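Hello! Here are my notes on the model you asked me to look over, written as numbered points. Keep the structure open beside you as you read.

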Amino acid sequence: MTGSVSGRVLDVPALADAAAGRSEYMRAWLAVMTRFGHAVAVPSTVRARAADQLASAAELAELDWFCASGTVLEIPLSSADAGEVSQLAGDHFGGDIAAAHAALIARRRHWLVITSEDRATGFREIGLDVELLP
Amino acid sequence: MATTKVTITLDDEVLTRVRAAVAGGEAANVSSYISEAASQRVAREARAEEIEHRWGPFSPKAMAWARRAAGVTAEPGDAAYLAEIDAERSARRPAASA
């Protein structure tokens with residue numbers, strides 16, 4: 001499957017990297033996505049998990065700033081999708097709801113997922129394209 | 001807001017779609033449609049500059065990866081940076097056990 005150029009879905013490591021500024025890659029990426037008018041999907045569960053991984057109020061403020069970008073579309077986990085996400089989590093992500101939520105959004109929109117190498121297997125198992133963090 | 005009349009050239013296919021959108025009530029006229037599209041692009045670029053001002057400047061290597069991850073056209077020199085990134089990632093992988 002080829003990912004659409006119109007949008008991307010973020011997994012936890014990508015969002016946490018952007019908020020904490022662990023590298024410059026994700027922040028540069030947001031600038032490019034914004035300049036080209038492409039959408040950035042942030043599952044609400046991914047945002048919650050990323051927030052858990054941030055160490056300071058300053059990093060949380062950067063997360064809020066990132067998500068407030070007009071480019072970013074935060075997508076809640078609806079009750080209608082909860083069952084499918086739970087199933088995906090159990091089958092492919094070792095019970096990780098955030099990863100499964102990202103996968104569901106990516107599958108429906110035919111968008112690529114940005115994640116870390118150690119989390120890529122589940123996405124690939126269900127036929128999604130991934131871009132690995134450097 | 002003050003306005004200025006300008007002459008622009010559009011691809012025929014684009015113009016056909018713009019006129020169809022106007023006929024469908026999506027914009028008051030062709031000028032309005034084009035003006036809105038240009039305004040949206042200006043706003044996007046302003047927002048991107050805001051990000052670059054807050055978090056940049058970004059290295060050419062980061063921009064090369066960002067372009068690939070965003071699915072936009074590569075610039076000259078990107079391939080070398082991307083090869084470097086991929087090599088660094090490979091070097092971090094634990095060696096396969098014998």
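1. Let's begin where the two chains of this predicted model meet. On one side, 23 residues of chain A take part, and they are in contact with 22 residues of chain B. Two elements of chain A each give two or more residues to its side of this contact: helix α2 and strand β5, which spans residues 130-132. Of these, α2(A) gives the most, with 11 residues. Sorted by class, chain A's side holds 12 nonpolar, 6 polar and 5 charged residues.

2. Now zoom in on a pair of helices at this meeting place. How are two packed helices described? By the angle between their axes and the distance between the axes. The crossing of α2(A) past α2(B) is left-handed.

3. Which residues of the two helices meet? From α2(A) come A:Arg27, A:Leu30, A:Ala31, A:Thr34 and A:Arg35. Facing them in α2(B) are B:Arg44, B:Glu45, B:Arg47, B:Ala48, B:Ile51, B:Glu52 and B:Trp55. The residues of this helix contact divide into 5 nonpolar, 1 polar and 6 charged.

4. Next, look at the sheet of chain A. How many strands form this open sheet, and in what order? There are 5 strands, in the order β3-β2-β1-β4-β5, and the pairing is parallel. The edge strands are β3 (72-75) and β5 of chain A, each of which pairs on one side only. On average, neighbouring strands of the sheet are turned by 30° against each other, direction ignored.

5. Follow strand β2 of chain A, residues 39-43, through its pairings. Strands of a sheet pair through backbone hydrogen bonds, either parallel or antiparallel. Strand β1 (residues 7-10) of chain A runs parallel to β2(A) and is joined to it by 3 bridges. Here A:Gly7 has A:Ala39 as its bridge partner, and A:Arg8 stands opposite A:Val40. Another 4 bridges join β2(A) to β3(A), again in parallel, with A:Pro43 partnered by A:Ile75 in β3(A).

6. Is β2(A) mostly covered or mostly open? It is mostly covered, as 4 of its 5 residues are buried. Helix α1 (residues 12-20) of chain A lies across β2(A), and also across β1 and β4 (112-115) of chain A. This helix α1 runs at about 60° to β4(A).

7. Finally, pick out A:Ala120, which lies in helix α7 (residues 120-125) of chain A. Is A:Ala120 buried, exposed or partly exposed? With 18 other C-beta atoms within 10 Å, A:Ala120 is partly exposed, because a buried residue needs 20 or more and an exposed one has 12 or fewer. Leaving aside residues up to four places away in sequence, A:Ala120 touches A:Thr115, A:Val130 and A:Leu132.

Key:
Residues numbered from 1 in each chain as written. Chains lettered and ligands numbered in written order. Predicted model: local features only at pLDDT ≥ 70, side-chain atom pairs only at ≥ 80, totals over all residues. Left-handed = near helix turned anticlockwise from the far one by under 90°. Contact = placed C-beta atoms within 7 Å. Nonpolar A, V, L, I, M, F, W, Y, C, P; charged D, E, K, R; others polar. Pairing = 2+ DSSP bridges. Axes fitted to C-alpha atoms, helices over the stretch in contact; angles between N-to-C directions.
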